[in-house]
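Work through these exercises with the sequence and the 3D view side by side. Try each task before reading its solution.

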There are 2 protein chains.
Amino acid sequence: MKVDGIAYRSIEPAEDGWSVMIIDQTLLPHRFARVRLASLDDAARAIRTMQVRGAPLIGATAAYGLALAARADPSDESLEAAASALLATRPTAVNLRWAIDEMLAALRNVSREARAARAYARAREICEADVATNRAIGGHGLPLIRAAHARKDGPVNLLTHCNAGWLATVDFGTALAPVYLAHDSGLPVHVWVDETRPRNQGAALTAWELSRHGVPHTVVADNAGGHLMQHGRVDLCIVGTDRTTAAGDVCNKIGTYLKALAARDNGVPFYVALPSSTIDWAIADGLASVPIEERAPEEVTHISGLADDGRVTRIRLTPEGSPAANHAFDVTPARLVSGLITERGVCAASRQGLLSLFPERAGP
Amino acid sequence: MKVDGIAYRSIEPAEDGWSVMIIDQTLLPHRFARVRLASLDDAARAIRTMQVRGAPLIGATAAYGLALAARADPSDESLEAAASALLATRPTAVNLRWAIDEMLAALRNVSREARAARAYARAREICEADVATNRAIGGHGLPLIRAAHARKDGPVNLLTHCNAGWLATVDFGTALAPVYLAHDSGLPVHVWVDETRPRNQGAALTAWELSRHGVPHTVVADNAGGHLMQHGRVDLCIVGTDRTTAAGDVCNKIGTYLKALAARDNGVPFYVALPSSTIDWAIADGLASVPIEERAPEEVTHISGLADDGRVTRIRLTPEGSPAANHAFDVTPARLVSGLITERGVCAASRQGLLSLFPERAGP
């Protein structure tokens, strides 16, 4: 999407034809800086330090990391070491392992001489596939926004939680893909952006990407969504997800469940946008089966932002000695989800709904 | 309640017998400092700059402000000017006007010579009445905690939102009064403290007062409560309220409604503690009738805390140019409230429930 009129992707080949450009997302929203990845180490560091985050983008970065490793040394030993180094950066990221496996499979039975070129080609394919998936999600979600627009005067008010925008993917995003397509096609939209404590991905990333692309939006505290829905100021919720169960339960950033409850209580449609790669066909009951990561309490007790002196500064919010807990995700039961927006279309949040779009997943 | 073993009230006469000591709540949780009010201007400034906040404490401070004014100049002109100055500090605070009216009524037909003494006496009565009310709320709420304890092993896990503790009142607090009584009587309790964005009264004030009194607690992002309830980690919610309608709808800090929805969805009792002075008998439908204050967007876009250099520092969280909205309160419909804890007892959140405790409010 665009940053002040210029089209970017969150990861793309540099003009030199071999190194890779990313956006250092740790500096957002206060500074927009691109970083060149010129080695496996650069790629691993970018993932580990969360210069890149979001499952699809982590996978894409790992893919290019293997390409950079193959360029430097295409031996089996080099590629195996590269795969291990990349896997260790974010051990729980499902897409990371998937992308590495894809890359290693593509290089199997390829001569050393041909490996670098093949690796770059496969990394590029992985990125293009992500973009195509997200564009398809956007296309399937767009009619929901169009329908909301047909029911009212003025802009369609959407609410989203966390960042499921283009910064989390290679381009377009998942939850925001329909929003960008609507905006670009002239449909008037306005997005309520949950700040998404404690890591503030909404206030920092979603607000930044919407503002730079020119999409009208307003940042609100996570507490505000229920009130906004009670007063008819939200027409549609769209969020992303880290994992969806085969029965349609949705694991997403902590707080998503509260918004789904408010949407249900006020008759506001609540949709979840997802690439089918994040469906976990092996489990059904999200509450019982999805382990919820507990992160460092310092993410709750401390926060960073731009001080008056222009420096990014970390401050403590809580009294010394008060403990904090930091559950990173929650599970929204399928019964609260109006529908799942996938690259193959929109379906009910249920096993039957998912199988209608992915019949190949039905058992024998 | 206690601060590191020493009993304080949020407002109390100084040892000199005429000036008044408050806690500068703007410095919490990073510094505990008491401030002496020695004049009407001191009292007005304390209210205006939010060194004192919370409806009961604002009223108590205004009462002492009038006593200080009467000590300096007991003329009618002086008292009228003092009343106007105090009223202008927080124009929408209902308790402020109530306390001033009480003070002026107490001084009517009192000779100039006797006014200062009468004013101090009435201010003290107003404070003692608040303490008695809160202690009674605590006494009526305590059996709820005791009952929760009887149903389980280990400490009773409560969840609260914002600050309805002793810092918001003269002592004990409203929502936290049952918690303090339980803790002091040896019942094991643990409080999940919503940080309560955007002003962070939970992280700053509730966590501080619980920690200083020695009550086990954990600060969580406002997003976390639903997840905690889904996993059986909350036995009871108790929150305060700024205004309760005659039908039991509850206006409280933004985000309260989301927690009430989660409590209902998970079968967790959700109680609201309130002095009957905050019941608005003139209105029934809170959603339609309670105006919701919109505060400055800077409270969402910026936040203050303690930097590593030991200074309280304000930082910006959002991208430059991203607008923010800041609705301060929301309304929790009576249907989501398990009961109202008042100084006269616990009742259903309904007109009938309230009238069972306050029969004098029934129409003819």
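**Exercise 1. A strand pair in chain A**

In β16(A), which residue is the bridge partner of A:K253?

Solution. Note that this is a predicted model.
- Start with the strands. β11(A) and β16(A) run antiparallel and are joined by four bridges.
- Now find the partner. A:K253 is bridged to A:F329 in β16(A).
- Then turn to β10 (residues 243-245) of chain A. This strand pairs with β11 (residues 250-253) of chain A, antiparallel, over two bridges.
- Within that pair, A:T244 has A:V250 as its bridge partner in β11(A).
- Finish at the turn. The hairpin of β10(A) and β11(A) has four residues between its strands, and A:G248 there takes a positive phi near 95°.

**Exercise 2. A sheet in chain B**

Solution. 
- Check one neighbouring pair. β11 (residues 250-253) of chain B and β16(B) are antiparallel, with four bridges between them.
- In that pair, B:K253 is bridged to B:F329 of β16(B).

**Exercise 3. Size and make-up of the interface**

How many residues of chain A are in contact with chain B, and how much area do the two chains bury between them?

Solution. 
- Count the contacts. On chain A, 65 residues touch 65 residues of chain B.
- Take the area. The two chains bury about 5,000 Å² between them, and 57% of this is on carbon and sulfur atoms.
- Count the polar links. The interface of chain A and chain B has 29 residue pairs in polar contact, both partners at pLDDT 80 or more.
- Locate the contributors. Several elements of chain A each supply at least two residues to the side that touches chain B, among them α7 (201-213), α8 (225-230) and β14 (302-307).
- Pick the main one. α9(A) gives the largest share of that side, seven residues.
- Sort by class. The side of chain A that touches chain B has 32 nonpolar, 20 polar and 13 charged residues.

**Exercise 4. Charges across the interface**

How many salt bridges cross the interface of chain A and chain B?

Solution. 
- Four are found there.
- One of them pairs A:R335 with B:D265; their closest N and O atoms are 3.0 Å apart.
- Widen the view. Over all chains, the structure holds 40 salt bridges.
- One lies within chain A. A:E12 and A:R34 form a salt bridge, with the closest N and O atoms 2.7 Å apart.
- A:E12 is in strand β3 (residues 11-13) of chain A and A:R34 is in strand β5 (residues 34-37) of chain A, so placed that the pair links distant parts of the chain, 22 residues apart.**Exercise 5. Strands that meet between chains**

Which strand of chain B is joined to β14(A), and in what sense do the two run?

Solution. 
- The strand is β15 (residues 312-316) of chain B. Two bridges join this strand to β14(A), and the pair is antiparallel.
- Take one position. A:A307 is opposite B:I315 in β15(B).
- Now look inside chain B. β14 (residues 302-307) of chain B also pairs with β15(B), antiparallel, over five bridges.
- In this pair, B:H302 is opposite B:R316 in β15(B).
- Go to the turn. The hairpin of β14(B) and β15(B) has four residues between the strands, and B:G310 takes a positive phi near 85°.

**Exercise 5. Symmetry of the pair**

What rotation superposes chain A on chain B?

Solution. 
- A rotation of 180° does, with 0.0 Å of shift along its axis and an RMSD of 0.0 Å.
- Name the relation. This is a two-fold axis.
- Compare the surfaces. The same surface serves both copies, as 100% of the contact residues of chain A recur in chain B.

**Exercise 6. Backbone exceptions**

Where is the peptide bond from A:L28 to A:P29 placed, and is the bond cis or trans?

Solution. 
- Begin with the rule. Most residues other than glycine have a negative phi, and most peptide bonds are trans.
- The bond from A:L28 to A:P29 is cis, with omega near 5°.
- A:P29 is in the loop between β4 (20-23) and β5 of chain A.
- Check chain B. The bond from B:L28 to B:P29 is cis, with omega near 5°.
- B:P29 lies in the loop between β4 (20-23) and β5 (34-37) of chain B.
- Last, check phi. A:N109 has a positive phi, near 65°, and is not a glycine.
- A:N109 sits in the loop between α4 (94-107) and α5 (112-150) of chain A.

Definitions and conventions:
Residues are numbered from 1 along each chain as its sequence is written. Chains are lettered from A and ligands numbered from 1 in the order in which they are written. This is a predicted model: local features need pLDDT of at least 70, side-chain atom pairs count only at pLDDT 80 or more; totals for chains, interfaces and linings use all residues. Side-chain values use heavy atoms; hydrogens and water are left out. Contact means heavy atoms within 4.5 Å. Buried area is the accessible area (1.4 Å probe) that two parts lose on being put together, summed over both. A salt bridge is a side-chain nitrogen of Lys or Arg within 4 Å of a carboxyl oxygen of Asp or Glu. A polar contact is a pair of N or O atoms within 3.5 Å; within protein, one must be able to donate a hydrogen and the other to accept it, and residues adjacent in sequence count only if both atoms are side-chain atoms. Ala, Val, Leu, Ile, Met, Phe, Trp, Tyr, Cys and Pro count as nonpolar, Asp, Glu, Lys and Arg as charged, and the others, Gly among them, as polar. Two strands pair if DSSP finds at least two bridges between them. Copies are superposed by least squares on the C-alpha atoms of residues with pLDDT of at least 70 in both.
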